[in-house]
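Please look at the sequence and the 3D structure shown below before reading on.

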Amino acid sequence: SSGINAEYGGYPKSRNQAEALAEAGYAPNRVYFLDCPSDTIVERLSLRRTDPVTGDQFHLIYNPPPTLEMKRRLRTNPRDSESTIDEDIVAFDTSLEDLVDFYSTSQSVNGDQDPHTVFETLESLLVKPLPKQTLKSVI
């Protein structure tokens, strides 16, 4: 164990990356996969916007900008185009089974809920103490 507190959102993306992390001594003690239909993923990502003046981030449905002036100047990150998101979904789906197999203690979380509920679910899982591990003597 590296003793480092870290969150790797969207990483590793393949079993090879997961193995490389493990070989480097970075073994996560918790892994969660968000189970979410493609259309929900596309909606959540393609409707994200950033205000170039303030740097604030918005979502056109879940966290809209407070003024029409701000809405007019919002920008979309090129990674948030529907075609890029679709490509990412295909790539993820291709490696998902290998990652679930590699991280055998991973948990699936229903991501097809409002974002606040998803956050609360993940938060409740993170604050639960990890199961105590017993040390076995090597003879």
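Helix H4 bends by about 45° at Leu 96, where the bend at a residue is the angle between axes fitted to the seven residues ending there and the seven starting there. This is a predicted model, in which local features need pLDDT of at least 70 and side-chain atom pairs count only at pLDDT 80 or more, while totals for chains, interfaces and linings use all residues. Residues are numbered from 1 along each chain as its sequence is written, and side-chain values use heavy atoms, with hydrogens and water left out.

**Helix H4**
- H4 has 21 residues and reaches 29 Å from its first C-alpha to its last, which is close to the 30 Å expected at 1.5 Å a residue, the expected span being 1.5 Å times one less than the number of residues.
- Ile 85, Ile 89, Ser 95 and Leu 99 of H4 are buried, where buried means under 20% relative accessible area, exposed over 50%, and partly exposed in between, with a 1.4 Å probe and protein chains only.
- The cover over these buried residues includes H1, strand E1 (32-35) and helix H2 (38-46).
- Ser 95 counts as buried because its relative accessibility is 10%, and, leaving aside residues up to four places away in sequence, Ser 95 touches Lys 13 and Ser 14, contact meaning heavy atoms within 4.5 Å.

**Packing of H1 and H4**
- Two packed helices are described by the angle between their axes and the distance between the axes.
- Helix H1 (residues 15-23) packs against helix H4 (residues 82-102) at an angle of about 30°, with the axes 9 Å apart.
- H1 and H4 are therefore roughly parallel to each other, since angles under 35 degrees count as roughly parallel.
- On the H1 side Arg 15, Ala 18, Glu 19 and Ala 22 take part, and they meet Asp 98, Leu 99, Asp 101 and Phe 102 in H4.
- The residues of this contact divide into four nonpolar, no polar and four charged.

**Gly 55**
- Gly 55 sits in the loop between strand E2 (48-50) and strand E3 (57-59), and at 44% relative accessibility Gly 55 counts as partly exposed.
- Gly 55 and Leu 74 are 19 residues apart along the chain, and their C-alpha atoms are separated by 9.7 Å.

**The whole chain**
- The chain has five helices and four strands, these being DSSP runs of at least four residues for helices (H or I) and at least two for strands (E), numbered from the N terminus.
- Of the 139 residues of the chain, 20% count as buried.

Methods:
Axes are lines fitted to C-alpha atoms, for helices over the stretch in contact, and angles run from 0 to 180 degrees between N-to-C directions. Angles under 35 degrees count as roughly parallel, over 145 as roughly antiparallel, 65 to 115 as roughly perpendicular and the rest as oblique. Ala, Val, Leu, Ile, Met, Phe, Trp, Tyr, Cys and Pro count as nonpolar, Asp, Glu, Lys and Arg as charged, and the others, Gly among them, as polar.
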